[in-house]
Amino acid sequence: MSELRTFVADLLERRGAVVEWLEPDRLEVLAPAALQRQLGWPEFAHLNFRTQRSEGTIAIGLESDWLERFGALVADQGRWSERELRPSAPLAPPSDPERVLDRAIELPNAAWRLQGISATWARCLMLAFRFTAISDEKREGLVAVGFNLATGAIVNDILARLRPALAQPEWHVPSPATKRAAGAGWSEATLASRLHPLLDREVRESVEPFLRAIRHRLERDRNRIHAYHDELRCASLKHLETLALAEGERAQADRRRETFRVEAIEREYRVKLDDLRRNYALRVTVEWVQALDLYVPVHRFDVLIRRRKGERLIQLDWHPLVKAAESPLCEAGLGRDRVRLVCDDRLHLTDPCGQAPCVSCGKSFCRACHTACPRCQRAR
Ligand SMILES: [Zn+2]
Ligand SMILES: [Zn+2]
């Protein structure tokens, strides 16, 4: 609860309140008129962050609706920010850059050669999204994705490892020199085309355990409903069988009634299955929460890629703050690991599946060069 208390105290002070910390888990607040109106508080309020309520205090907890009210106070502030992580002293390059590259890149159909290293700044865009998955239950969560806008690499892992550095309180606004060194950002279209598949994958992976649990409950209910209706239907069919040879009006009426019964059971079974389908249907929404333009010092490797007669220079950053190299850029496919295939025509670096054979005619082609198969024109 102490983090919540720190957050609330900080927020209220920024809104002009005078806050006094009372141990172990209270705050005494002198709120200005605007804040009193927004939160529905008296001028003097006594906030209590304990799990049990106490007389004369306002109980604040994660499960109460206070988070929403505080959220309304924050509104859109802090949704977009920029920050420079400024080390106190210059950070040394890796001692064995060839080895670093050897671990960062794997090119089964091309060769690479390190051309040079330079110390510079990278602009990494870190985006956070909230997803809400609703079925018979509800799950919410956050996913964060990051790109190095200079090299094009996906840097989710690097940014995750930078979190301790981000927790440092001193906040440096990026200097003009840093911004110039880091270069321009991406167009909206480029960002959208890179972001959507990545975000889709991240959200799917986050929702997967929830989805498994839903499937499990669905199967359990379906089996239960099937067993119940199957038993009723079997009993009716057996009864019909015994009536089959009987003669007379009475027997005929019984047969008719039992046939109706079987139809009614089957109808009810279908209705129950439809109910299940509706009950367990999953709807996922994803909403952008926050963006951080993070400027970090890097050692940039210029790497020459050679494939047959072609050559191409790419860049890959080594992040001294976490002593780690990025994965190489990936121009088609998500590029989850370090393996890249290089295409013949323009030496694109792609995921192995970015050079896979066409599903229709079997011709292999580069997904970064072509949006459709060059032989049969089937869209990929
Ligand atoms: Zn084809
Ligand atoms: Zn290509």
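Guide: Gladly! Let us begin with a definition: two strands pair if DSSP finds at least two bridges between them. Keep in mind that this is a predicted model.

Visitor: How do you know that S1 and S2 pair?

Guide: Set the count against the cut-off of at least two bridges. Strand S1 and strand S2 (residues 26-30) are joined by 5 bridges and run antiparallel. Val-19, for example, has Val-29 of S2 opposite.

Visitor: What makes S1 and S4 edge strands?

Guide: Each of them pairs on one side only; S1 covers 18-22 and S4 covers 58-59. They belong to an open sheet of 4 strands, ordered S1-S2-S3-S4, and its pairing is mixed.

Visitor: Which strands pair with S8, and in what sense?

Guide: Strand S5 (residues 80-84) runs parallel to strand S8 (residues 283-307), with 5 bridges. Here Glu-82 faces Asp-293 of S8. Strand S6 (residues 111-134) runs antiparallel to S8, with 23 bridges, and Arg-130 has Glu-287 as its bridge partner. Strand S9 (residues 310-319) is also antiparallel to S8, over 9 bridges; one of the pairs is Leu-304 with Leu-313.

Visitor: What lies between S8 and S9 in their hairpin?

Guide: There are 2 residues between the strands, and Arg-308 in the turn has a positive phi of about 50°.

Visitor: Now the helices. Why are H8 and H9 called roughly antiparallel?

Guide: Helix H8 (residues 188-243) and helix H9 (residues 249-280) pack at an angle of about 175°, and their axes are 9 Å apart. Angles over 145 degrees count as roughly antiparallel, so H8 and H9 are described that way. By class, their contact has 14 nonpolar, 4 polar and 10 charged residues.

Visitor: How do you know that the span of H1 agrees with its number of residues?

Guide: The expected span is 1.5 Å times one less than the number of residues. Helix H1 (residues 2-14) has 13 residues, so it should span 18 Å; its end C-alpha atoms are 18 Å apart, which agrees. Just after H1 comes Gly-16, with a positive phi of about 90°.

Visitor: Which domains does the chain have?

Guide: The domain assignment gives domain 1 (2-77), domain 2 (82-99 + 112-205 + 286-330), domain 3 (207-282) and domain 4 (331-380). Taken over C-alpha atoms, the centres of domain 1 and domain 4 are 55 Å apart.

How values were computed. Residues are numbered from 1 along each chain as its sequence is written. Chains are lettered from A and ligands numbered from 1 in the order in which they are written. This is a predicted model: local features need pLDDT of at least 70, side-chain atom pairs count only at pLDDT 80 or more; totals for chains, interfaces and linings use all residues. Domain bounds come from an automatic or database domain assignment. Axes are lines fitted to C-alpha atoms, for helices over the stretch in contact, and angles run from 0 to 180 degrees between N-to-C directions. Angles under 35 degrees count as roughly parallel, over 145 as roughly antiparallel, 65 to 115 as roughly perpendicular and the rest as oblique. Ala, Val, Leu, Ile, Met, Phe, Trp, Tyr, Cys and Pro count as nonpolar, Asp, Glu, Lys and Arg as charged, and the others, Gly among them, as polar.
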